[in-house]
Amino acid sequence: MTDTPLLDARGVAKSYGAVKALTGARLTVARGEIVALMGANGAGKSTFVKILTGAVRPDTGIITIAGRSARMGSPAQARRAGLVPVYQEPSLIPDLDVAANLRLCDTPVAAFVGWVADLGITGLRLTDLIADLPLATLRILDLARALASDPDVLLLDEMTAALPTDLVENVLRVVRARADLGMGVIYVSHRFTEISALCDRATVLRDGRTVGDLRIEPGVEDRAVELMLGEKIALGAREGAAISARTGTPRLAIRNLAAAPKLADVSFDLHAGEVLGVVALEGQGQDELFDVLAGFRKSTAGTLEIDGQPARFAHPSEAIAAGLTYVPGNRADALMAGRSVRENIALPFSARPRNWGPIKRKMERARTDDAIARLQIDTRAQGEVQRLSGGNQQKVTIGRWLATGVQTLLLFDPTRGIDVRTKRQIYPLVRELAEQGAAVLFYTSELAEVRLACDRAIVIFNGRVVDIIDAARADEPTLMRAAYGLTAAKGAA
Amino acid sequence: MTALIRKHAWVIGLAVLLALLLALTKLIQPNFGAPGLESLARSALPFAFATAAMAVVVIVGGIDLSVASMMAVCAVTAAVLMERMAGVPALMIVLAVGLAMGLVNGALIVLTRVPDIVVTLAMLFVWEGMALLILSSPGGSVAPWLSGATRGPFLIDGLPMALVIMALAIAIVWLPIRRSKLGLAIYATGSDPLAAFRSGVAVDRTKIIAYGICGLFCAMGGLSLAALTGIGEPVPGPYLMASVAAVVLGGVVLGGGKGGLLGSIIAVFILRIIRTILTLMAIDPNVTTIVEGVIMVGVVMLGTALTLRGARR
């Protein structure tokens, strides 16, 4: 019995249509072992987690828990099989009180109360409504509920994101103590410091496959970064990476900006004619940063200056009026799917109240035609944007601002999920916009893009800027190390 | 104690409002008494069942536009069956028919992944047609004991039989569910389907069952219609919009997860008695509907404002 691992998942594969999310994932956890599950963005980590927790059924693969073959058809079945997850987002029911949430999972109340106290939450009443509790408390309650059900295997998915330091310490201490009593733990995290403090082993995923198992020992960070990157196919280098002059008043000056819950303290300058990359792992505060700049969300601290003038946005229209243009990563957020390419490109003309009234058809047509031609948008299906390919849709979301004439462009992962050919058309477009005098903030989840499109990049970790890297030395290992908060060993590249 | 009051603030508020309105009625019409209460309770009977039906599906996060049609199917089924067979088995069959129709609605929504509002809109027409197939014009007859059951007082004068039947029928179905894990699952699914799924709730099954309960309440509504009129009426009555109105006024949040049946039933009586008061005051019936609408918006707005202020404190 001691030889068989507590959890054994092998040959796990899953495709969504033509997209192979997982091709051969493998993970074993022994009794009392804490295993970190690592992988860069898009490595298949989240799909693997969904399969392990029963939220998604795999196409192939065998999962056994404590020697029994486990059928993970639903989260309820996964629970019965002995694997209990704590998700990135709280999975407590907002409109029920704490006690009802416990009953829903048949969680023993006494054990739950014990764990809550052990994890350092005081003053909790079982009659408290979940919707009234702060986020950090909910994460702890989620963990306490999972622990109280006495699982064989505990899966923690980015458990410590958005937790204050003292609670993180409590979590690590309690999880370690519980593992020492024989529980197996899968620890999904981006944070090397926590992984090296807590875990015994790390399993690394890349391109949908398990590519290695690493003992946690000094220097393991470099091995892990290597494994996560693998041999990436180069996307082609940018020619003449001219570093634009960074003089005069910056277009955008951000000082000590913070926004709940994840953006803690960010400062940087963005000049006209510059493309500034933003590099961060998922959920390090970049969403909040872009939301504040686009006027979707108000900052909680810090200042924002545009061309030397202090600014604060109460509504997206104010950000647009100040020349800040946001292109979301999710194309569905930006486009009117059922309307034509032309209308979508023309929207910013008419979206400004002062332009209400009859639309100047001729001018609109001239400008949209120009944008379509320059973007090489495939117009065969231009009647409805939703019938275009993802890449062409993304070109429309950028193209509408090209037609308007853009001052400051906020690109949030503009190349997510589009093909390499279209990506290659988008980088020169971004450069061209910058050369015309636009200031571009460019968040990307694909590290290789920094060299291709940016002049330099800021790296955000845990809500703070931890590094600023010039494009010249922004190779993937350097960026990856910085993104994981490993700035101590700077200068490796 | 204060926590209990806060938790049920909406229901208590509605009860107070109802008491005030009853007092107002007595003031306008000094001879308003036991007979007035009885006719109020009797007229509210089908509305109450329709509202209970609607409340359950709204709590689970859906909506059922076919409640009035299902009630019509059940009413004509009852009238046709009771002409030919004993009352009690016929009653059981009608309840089963209602349950089955509800389950069909729920299963269609879950299996096709088409939005609730679209599926039940389509089923509104399907059930309406079924009712007309069963009985093309008002007819049939109802067991005399069923018609008699809604009349008169229960034990003491001033406690209408119709009210007792309503309370019993709804309590017998809903209370055991509300106290069980199924009830919890219904609220959980309506509140946050993803979190419920992750907590191990069988979300799809819960949804189908909730629609089944809705159908069961519709059957009761249909039976009460047949009992009140003595015959079966195949054309659906004005119960769809009235039930949505009562549910909203009753504190059930459209979107799911919040509220309960008690508040919704009290809201039915509030809406009925407002109508009575306006009639007593000899106000133009066309103005009556405007007043009803304004009161509804007003009460919900006021309630939301009060709840928000309470939450901020």
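## Domains of chain A

Two residues are in contact if their C-beta atoms, placed from the backbone, lie within 7 Å. By that criterion, in this predicted model, 10 residues of domain 1 of chain A are in contact with 11 residues of domain 2 of chain A. On the side of domain 1 that touches domain 2, helix α8 (residues 220-229) of chain A supplies the largest share, three residues, and by class this side of domain 1 consists of seven nonpolar, two polar and one charged residues.

The assignment for chain A places domain 1 at 7-229 and domain 2 at 252-484, and the C-alpha centres of these two domains are 34 Å apart.

## Fold of chain B

Chain B contains 14 helices and two strands. Its radius of gyration is 19 Å, close to the 20 Å that the globule rule gives for 313 residues, so chain B is as compact as a globular protein of that length. Along the principal axes, the C-alpha atoms of chain B fill a box of roughly 60 × 55 × 40 Å.

Of the 313 residues in chain B, 48% count as buried, and among the contacts of this chain with a separation of 6 or more, 79% are between residues 24 or more positions apart.

## The largest nonpolar core

The largest nonpolar core comprises 256 residues, and A:Tyr187, A:Val440 and A:Val459 have the most contacts inside it. Helix α11 (residues 203-229) of chain B gives the most to this core, with 17 residues, while domain 1 and domain 2 of chain A each contribute at least three residues.

Apart from its neighbours within four places in sequence, A:Val459 is in contact with several residues, including A:Val279, A:Ala280, A:Asp467 and A:Leu479.

Note on methods: Residues are numbered from 1 along each chain as its sequence is written. Chains are lettered from A and ligands numbered from 1 in the order in which they are written. This is a predicted model: local features need pLDDT of at least 70, side-chain atom pairs count only at pLDDT 80 or more; totals for chains, interfaces and linings use all residues. Helices (H or I, at least four residues) and strands (E, at least two) are DSSP runs, numbered from the N terminus. The radius of gyration is taken over C-alpha atoms; the globule rule is 2.2 Å times the number of residues to the power 0.38. A residue is buried if 20 or more other C-beta atoms lie within 10 Å of its own, exposed if 12 or fewer, and partly exposed in between; C-beta atoms are placed from the backbone. A nonpolar core is a set of buried Ala, Val, Leu, Ile, Met, Phe, Trp, Tyr and Cys residues joined through C-beta atoms within 7 Å. Domain bounds come from an automatic or database domain assignment. Ala, Val, Leu, Ile, Met, Phe, Trp, Tyr, Cys and Pro count as nonpolar, Asp, Glu, Lys and Arg as charged, and the others, Gly among them, as polar.
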